[in-house]
Amino acid sequence: MNNSKIFERNTRGYYMAKEIPDVRDGLTLTQRILLKRIKDMSREHAVCNAKIVYGECGNNDNMIDYFESTEPLYDHIIALRQEWRAPRLLEGRGNFGDLSNLFTCYAASRFTESKFTDYANDVLNLPRKKIPLTANDVFEAFLPNVVISGTFGTACNIPPHNLGEVLDAVIALIQNPNMQEEDLFDYIQGPDYATGGVIINRSELPEMYKTGVGNIVFRANPHVECKSSKRECIISELPFTLIQNARDSQMFFQNVEESLEYIMDGFDRFDEFSSGKAEFKWYYDSEIHYEIRFPLQSTVDEEAVLNYLFTFTNLEGNYEYRSILLSNGKPKLMSLYEILTEWISFYREFTTKSNKGIPLPDEKLCEKLEKIKERYATPRKTKVIDLIE
């Protein structure tokens, strides 16, 4: 079949739905097809990504007609698996470009495997029948996935948020449907990344969430540590903007030295500030931790060093927030309040359907959310402050 005719017929329908997440489950059609393939191949064991991408491609859903190659499909799997995307929908074996190998190129699809995380199994209800998905099909999502897991792309760019905070806001909305939009910010402080970091424009976030567009300013979290007569600048958390910009630009590095050079790009005053070389280290306990260290000269002013780092290196960056989602099958710029209320309507709809057409009382709906929160909620890692210049 001629590809140009396919695009002419589907530009406003299938093609648009394929690229923009649906507000109900927070996934694009491409992501749903990939997730369903993984589930259809095995509900318990990891599946080779080459089989997911190449083995079934085009058999039922004609995805091959919409891609010049199958590489974009594997990129979707990588994005759903990487550790800075928390909570993750996929886990598996192999090199996915994790934080322990910061920015290094991930392995080819034949060397990696993927399967659903426990989290994905609990919050996404996929159809069991092996049938092709259409643009109107969405998964039953037991929480507002697009806000919690986040999504980024050409049209939609939403950062992840703390699961506990979002579910607290949703439960409050269910119990009080007349709650004002401003009251949401009593529960949701702002974005929350697994990589930590600091958001420094807290006062601008409510307006951003109301309009659906805005900028989030991220910084690393450096501090100066003194031991005996030695002083070190330690950068313990990197801003997500640095990671995303490297991924978007396809900047993959072969070793730690190249990664450090990218992170500290513009730091050309080592002779003035530092008494030695910078080092990039990581270590494990229950999670991955990483830090950049470099020794400071004894006469250097701490504030001057930090100001220089934020001004001239990649340790500060802007995240462009855009919440364009599919609502009733059409792209719409949505406020945070609209996203949560529309998801709650969907939540009521599919729980009613599964309960033989009898609506569940609010107490039961909230009880299900509380169980998910109890199992998966984690402490906030990203600080949200207002920086007064």
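Helix H3, spanning residues 29-41, lies across E1, E2 and E3 and runs at about 90° to E3. Please keep in mind as you look around that this is a predicted model.

The three strands under discussion form an open sheet in the order E1-E3-E2, with antiparallel pairing. E1 and E2 stand at the edges and have a single partner strand each, so one side of each is left without a neighbour in the sheet. Strands of a sheet pair through backbone hydrogen bonds, in either a parallel or an antiparallel sense.

Let's take the two pairings in turn. Strand E1 (residues 47-48) is joined to strand E3 (residues 113-116) by two bridges, and the two run antiparallel. If you click on Cys48, you will find that its bridge partner in E3 is Glu113.

On the other pairing, strand E2 (residues 90-93) meets E3 in the antiparallel sense over four bridges. Here Arg93 stands opposite Glu113 in E3, while Gly92 stands opposite Ser114 in E3.

Another antiparallel pair is worth a visit. Strand E15 (residues 324-327) and strand E16 (residues 330-333) pair over four bridges, and Leu326 has Pro331 as its bridge partner in E16. This hairpin has two residues between the strands, and Asn328 takes a positive phi near 55°.

## Aromatic pairs

The count of aromatic pairs comes to 10. In one of them, the ring centres of Tyr193 and Phe218 are 5.0 Å apart and the planes are at 65°; angles over 60 degrees count as edge-to-face, so this pair is edge-to-face. Tyr193 sits in the loop between helix H8 (163-175) and strand E8 (198-199), and Phe218 belongs to strand E9 (residues 213-219), so the pair ties together parts that are 25 residues apart in sequence.

Are these two residues buried or exposed? Tyr193 counts as buried because its relative accessibility is 1%, below the 20% cut-off. Phe218 counts as buried too, with a relative accessibility of 0%.

Elsewhere, ring pairs link Phe142, Trp343, Phe346, Tyr347 and Phe350 into a cluster.

## Charges over rings

Which residue lies over the face of Phe346? That is Arg24, at 5.8 Å from the ring centre. Phe346 also takes part in the ring cluster with Phe142, Trp343, Tyr347 and Phe350.

A second case brings us back to the starting point. The charged end of Lys39 sits over the ring of Phe116, 4.4 Å from its centre.

## The chain as a whole

Stepping back, the protein chain has 15 helices and 17 strands. Of its 389 residues, 51% are buried. Among contacts between residues at least 6 apart in sequence, 66% join residues at least 24 apart. The accessible surface of the chain comes to about 19,000 Å², and 47% of that belongs to carbon and sulfur atoms.

Conventions: Residues numbered from 1 in each chain as written. Predicted model: local features only at pLDDT ≥ 70, side-chain atom pairs only at ≥ 80, totals over all residues. Heavy atoms only, no water. Phe/Tyr/Trp six-rings, centres within 6.5 Å; stacked < 30°, edge-to-face > 60°. Buried < 20%, exposed > 50% of the residue type's maximum accessible area, 1.4 Å probe, protein only. Lys NZ or Arg CZ within 6 Å of the ring centre and 35° of its normal. Pairing = 2+ DSSP bridges. Contact = heavy atoms within 4.5 Å. Axes fitted to C-alpha atoms, helices over the stretch in contact; angles between N-to-C directions. Areas by Shrake-Rupley, 256 points an atom, 1.4 Å probe, with all protein chains shown as cover.
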